[in-house]
Amino acid sequence: MAKPFYITTAIHYPNGRPHIGHAYEMIAADAIARFQRQAGRDVRFQTGTDEHGLKMVQTARGRDMDVRALADEMSGYFHEIADALDISYDRFIRTVEPEHYAASQAIWKAMEEAGDLYLDRYEGWYSVRDEAFYEEKELTEGDGGQKLSPQGTPVEWTSEETWFFRLSKYQQPLLDFYRANPDFIRPESRRNEVLRFVEGGLADLSVSRTSFDWGVPVPESPGHVMYVWVDALTNYISGIGYPHDRAQFEKYWPADLHLIGKDIVRFHTVYWPAFLMSAKLPLPAQVFGHGFVLNRGEKMSKSTGNIVDPKALAERYGVDALRYFLLRDISFGQDGSFSAEAIVTRANADLSNSFGNLAQRTLSFIAKNLGGEMPDAGRGDPADQALLDEVRAACRAFRAAFETLSLSQALDSWMAGVFACNQYIDAQAPWALRKSDPDRMHAVLGTLVRAIRELAITIEPVVPGSAGKMLDQLGVTDRSHEAAEDDGWYERQKATGFKIAPPTPIFPRLVLEEAEEPA
Ligand code: ME8
């Protein structure tokens with residue numbers, strides 16, 4: 001068995017409903033998880049909700065609700081959207097689970113035993129929106145003279161007795177770790193930001209709160225709950241059984257990839273590794289900070305009212321069209337924009353008109369003219385092998401790029417294979433050969449079936465529902481990377497007498513409605 005592969009998304013704050021940014025992160029992580037499963041890895045994929053903290057308390061208060069009731073309701077929407085988007089998570093964690101409390105208290109005790117926790121008075125700035133402490137020097141001034149965090153959110157002065165974590169002690173160990181593991185923080189631009197931040201010196205971190213009680217209680221310290229980021233980060237180990245299920249924990253930890261957004265890189269690449277070093281646990285292999293999804297180039301926010309419900313998008317355009325669009329049109333690691341016309345244009349060009357049409361034309365022709373029987377070897381031509389070579393190269397390029405998380409580039413390579421097929425089908429014109437040269441027609445159609453199968457397996461992680469249907473139409477059961485390059489499949493499948501049924505179109509052509517057109 002190949003090495004296990006443990007991948008996580010951030011766990012999302014359920015103080016509101018899921019938005020397209022959450023959907024984007026889950027989709028990207030899901031495509032990577034599916035890709036690694038195809039590679040034969042024993043994948044563990046975790047997502048979930050981060051339910052403690054002052055932001056939740058304040059939101060509940062604003063809605064005149066019990067905070068737990070708010071968490072239950074909102075977490076449900078995240079669970080629902082994960083299912084609606086075909087997210088193949090193995091574990092959906094909620095930080096209100098008792099096992100998560102136990103794990104958070106266990107890592108706390110380990111940090112305490114290391115001598116890294118002490119009680120003192122915290123006085124400083126806190127942003128509820130970011131659930132983050134900031135130093136005076138990091139703040140900027142808003143238009144009305146109010147102080148703002150580097151993320152542009154309001155900060156308030158807080159002063160209370162809290163536990164502190166000796167973050168300062170880990171400055172040098174962290175810098176040494178970054179140097180020894182150049183791929184720990186990706187992409188490069190985020191790595192540089194973190195290096196600069198840590199080189200600038202680290203202050204000890206306030207890690208408990210006494211002014212509210214919605215959190216994991218600090219062991220043997222009545223009145224203190226853990227700072228929400230301490231328990232939030234711990235989800236990555238509590239979800240795989242830390243500390244009670246040693247076998248499972250040791251199988252999957254350290255994580256291969258924490259996939260998160262660019263705004264929370266500091267928590268994952270400074271605080272989290274420091275907590276783990278303190279608790280004497282191994283560090284994750286990589287943290288990837290993806291970019292933000294913008295609505296027509298604009299940041300989405302409650303005040304501008306331009307937040308888009310990902311479920312509505314999936315219902316309108318199709319889950320796979322949405323998944324494909326997000327991974328193809330946004331260069332992974334950078335910000336990117338979406339709009340109705342961009343989704344429609346991309347989905348039609350690549351999926352409907354190119355790949356879908358290719359499969360539809362080929363399979364319906366076989367169903368209609370050969371009674372669904374798989375074409376014979378017929379009379380081959382060098383053009384056939386040339387096409388298969390081109391498709392093989394395109395699928396390999398896809399895999400090489402996907403492996404390094406160049407997701408958009410991977411899809412571009414895959415499309416080169418689809419284009420090659422469309423050129424081939426136009427040049428060979430099998431429908432014209434039906435009467436004039438049936439032997440040649442068989443060879444052309446058989447070549448296309450092989451090519452379509454390889455392309456469909458390759459794209460499966462990105463558009464699992466549609467590629468799955470296409471592979472069902474061809475009776476393909478093994479969808480691994482190894483199977484993709486299995487050149488003996490065609491003859492074996494033909495020998496079973498498998499018949500291709502008249503296919504139903506898989507990627508419907510989308511039409512932009514008037515209301516969706518740019519103003
Ligand atoms: O930060 N585009 O939760 P969260 C892309 N609970 N990604 C976006 C985005 C956008 N417009 N907006 C947010 C939290 N994200 C913490 C995480 S992990 C131990 C705790 C991303 O609900 C964001 O960067 O605010 C983060 O990775 C994720 O969505 C959840 O954000």
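Three elements each supply at least two residues of the shell around the ligand: helix 1 (20-38), helix 7 (228-238) and strand 13 (257-261). The model is predicted. Helix 1 gives the most to this shell, with 4 residues. The shell counts 19 residues around the ligand, and those that come nearest are Ala10, His12, Gly21, Asp50 and Gly261. Sorted by class, the shell holds 11 nonpolar, 5 polar and 3 charged residues.

Now step back to the whole chain. The protein chain has 19 helices and 16 strands. Its C-alpha atoms fill a box of roughly 90 × 55 × 40 Å along the principal axes. The radius of gyration is 26 Å, which agrees with the value near 24 Å for a compact globule, because that is what the rule gives for 519 residues.

Strand 13 leads from the ligand shell into a sheet. Here 6 strands form an open sheet with parallel pairing, in the order 3-2-1-13-14-9. Strand 3 (91-94) and strand 9 (185-186) stand at the edges with a single partner strand each, so one side of each has no neighbour in the sheet. In general, strands of a sheet pair through backbone hydrogen bonds, either parallel or antiparallel.

Strand 9 pairs with strand 14 (residues 287-290) in the parallel sense, over 2 bridges. Ile185 stands opposite Val287 of strand 14. Pro187 lies in the loop that runs between strand 9 and helix 6 (188-199).

Strand 14 has its own feature on the way in. The loop between helix 9 (265-278) and strand 14 holds Lys280. Phi of Lys280 is positive, near 60 degrees, and the residue is not glycine. Most residues other than glycine have a negative phi, and most peptide bonds are trans.

Return to helix 7, one of the elements that supply the ligand shell. Which angle does helix 4 (residues 98-113) make with helix 7 where they pack? The angle is about 105 degrees, and the axes are 9 Å apart. That makes the two helices, helix 4 and helix 7, roughly perpendicular, because angles of 65 to 115 degrees count as such. From helix 4 the contact takes Glu99, His100, Ala103, Ser104 and Ile107. From helix 7 it takes Val230, Asp231, Thr234, Asn235, Ile237 and Ser238. The residues of this contact divide into 4 nonpolar, 5 polar and 2 charged.

The bond from Tyr242 to Pro243 is cis, with omega near -5 degrees. Pro243 sits in the loop between helix 7 and helix 8 (246-252).

Finally, turn to the antiparallel pairing around strand 4. Strand 4 (residues 117-127) runs antiparallel to strand 8 (residues 156-165), and 10 bridges join them. Tyr126 has Glu156 of strand 8 as its bridge partner. Strand 4 also pairs with strand 5 (residues 132-134), again in the antiparallel sense, over 3 bridges. Here Ser127 has Ala132 of strand 5 as its bridge partner. The hairpin of strand 4 and strand 5 has 4 residues between the strands. Which residue of this hairpin takes a positive phi? Glu131 does, with a value near 50 degrees.

Methods. Residues numbered from 1 in each chain as written. Predicted model: local features only at pLDDT ≥ 70, side-chain atom pairs only at ≥ 80, totals over all residues. Near = placed C-beta within 6 Å. Nonpolar A, V, L, I, M, F, W, Y, C, P; charged D, E, K, R; others polar. Pairing = 2+ DSSP bridges. Axes fitted to C-alpha atoms, helices over the stretch in contact; angles between N-to-C directions. Parallel < 35°, antiparallel > 145°, perpendicular 65-115°, else oblique. Contact = placed C-beta atoms within 7 Å. Rg over C-alpha atoms; globule rule 2.2 N^0.38 Å.
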